[in-house]
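The following exercises concern one protein chain. Please study the sequence and the structure before reading the solutions.

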Amino acid sequence: MDENTPDAASDPDETTGAAGTDPRFRALPVRPGKIIAIHLSYASRADQRGRRPQHPSYFFKPSSSVAASAGTIERPAGTELLAFEGEIALVIGASARRVTLRDAWRHVAWVTAANDFGLYDLRANDKGSNVRSKGGDGYTPLGPSLIDARAIDPADLRVRTWLNGAVVQDDGAGGLIFPLAQLVADLSQHFTLEPGDVILTGTPAGSSVAVPGDVVEVEVDVPGGPTSGRLVTTVVSGDAEFDPALGSLPAVDDLQRTEAWGSRDAAGLPAEAPATSGLSPALRAKLASVPVAGLSAQLRKRGLNDVTIDGVRPLHPAAKLVGTARTLRFVPLREDLFASHGGGYNAQKRAFDAVGEGEVIVIEARGETGSGTLGDILAVRAHARGAAGIVTDGGVRDSDAVTAVGIPVYTAGAHPAVLGRRHVPWDHDVTIGCGGTTVQPGDVIVGDADGVIVIPPTLVEQVVDAAIAQEDEDAWIAQRVAEGHPIDGLFPMNEDWKARYRAWRESK
């Protein structure tokens, strides 16, 4: 029989090599040539993160990150966000290259428990590669025992994690967005999976931060059947400092804290301000019926003159824009800041992932039109999220494609260059300046062919009702002018014409 056929998978007890000489690999048949991990795979975790992938995506971990059960992991000096992730690990037993979904599981020889540790303090600068944030020594404990993959149905597998004796993760393969066999088949499309390679299949909700002194345990089993046993890891404090002369230093923000701990509450952060979006259908219809010029006049009567977003024009002049603001702020390009904030899951991507139905993404780009501030992919994302539109006082890249998406977009112009030519995506859901006016999250945004106006939420009801009343009055005046009456005394109306108008209103 050919040694590369699926039935030729070795028994780990009969295997010699790294697994037999290095205690880190004693749970494995050999030292893995590749460790491939998936970014997001459980529905519970995707719901927690507020985004669900359409396809699996992956990253590599070095085999030097493998650790044995009953070991320790260091949290480096000067860091705070070492997070655990209990996972099902697949160990390849026979080479797989372009295998079908139907045949993929036959190439898996064993299943065991894994803990995919990650240091969120380094995640932003890794820009999705996870090289440093998840590649450290001891960051991939595996074991302690192997389950024969040929003796189980992969759909029956379960993973559980304990933190200091309390269960914090408990989910089964049925909770996966992508079945286990699909991961094997998908990866085999791109490169050969070789005997001993390990696939980490993602973690369910419940992943959180472990601090020095904590004990994390992970077990994979078939309930009532075979088990990996408990994979035990104790967190200890490290003493070595990172050298700033060699590379970027660890850094955290509230987003990293929230995602590492699992929620703002678990991270000890104050609750986010309640969303101010959600215009009622009736109010939204009123706003859609009134021209921006009419709303501008009513705001001026109330002392608000600087509420127009100047310098922007619509890509869809016939479309009306009505919604509440979701803000995004760019700062001027500085190469070191773009290196730390421009890549990975940056503020721009987070804003477009977070925009809700009926909201308008309003972008502060300082009137700088020397690069794009969005393109067609982000426009598609906003449209899919149900956003009401996008307003940017910067440029739009791929403007024809953006226009074709169909979502109302207001921009200062088109430009072919990418974001990083002029801007650093800095933060979102903060007070910004766009087109010369201040915009706060939750402000009401209305746009038409004349331009875009910002209405404070506390004034929107009275402003729109007054604008509707003024529109009715102006329509009546226009009809009188069309009948041949002179403008003097009619526009604006004197007392005589006001009396006639009131009589007309009462007769309706």
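**Exercise 1.** With which side chain does Glu259 meet in a salt bridge?

*Solution.* The model is predicted: local features need pLDDT of at least 70, side-chain atom pairs count only at pLDDT 80 or more, and totals for chains, interfaces and linings use all residues. Residues are numbered from 1 along each chain as its sequence is written, and side-chain values use heavy atoms, with hydrogens and water left out.

Step 1: recall the rule. A salt bridge is a side-chain nitrogen of Lys or Arg within 4 Å of a carboxyl oxygen of Asp or Glu. Side chains of opposite charge can pair when their charged atoms come close.

Step 2: apply the rule. The partner of Glu259 is Arg123, with 2.5 Å from N to O.

Step 3: Helices (H or I, at least four residues) and strands (E, at least two) are DSSP runs, numbered from the N terminus.

Step 4: state the burial. Both Glu259 and Arg123 are buried; buried means under 20% relative accessible area, exposed over 50%, and partly exposed in between (1.4 Å probe, protein chains only).

**Exercise 2.** Determine whether Asp197 and Lys34, which form a salt bridge, are buried or exposed.

*Solution.* Step 1: the closest N and O atoms of Asp197 and Lys34 are 2.7 Å apart.

Step 1: Asp197 counts as buried because its relative accessibility is 1%. Lys34 is also buried, because its relative accessible area is 17%.

**Exercise 3.** Describe the salt bridge between Arg500 and Asp496.

*Solution.* Step 1: the closest N and O atoms of this pair are 3.2 Å apart.

Step 1: both residues lie in helix H13, and their separation of 4 residues is about one turn of the helix.

Step 2: Arg500 is partly exposed because its relative accessible area is 41%. Asp496 likewise counts as partly exposed, at 43% relative accessibility.

**Exercise 4.** How many salt bridges does the rule give, and which residues are linked in a network?

*Solution.* Step 1: the count comes to 25 salt bridges.

Step 1: the network of salt bridges links Arg45, Lys61, Glu85, Asp116 and Lys134.

**Exercise 5.** What share of the residues of the protein chain counts as buried?

*Solution.* Of the 508 residues, 49% count as buried. The secondary structure of this chain comes to 13 helices and 28 strands.
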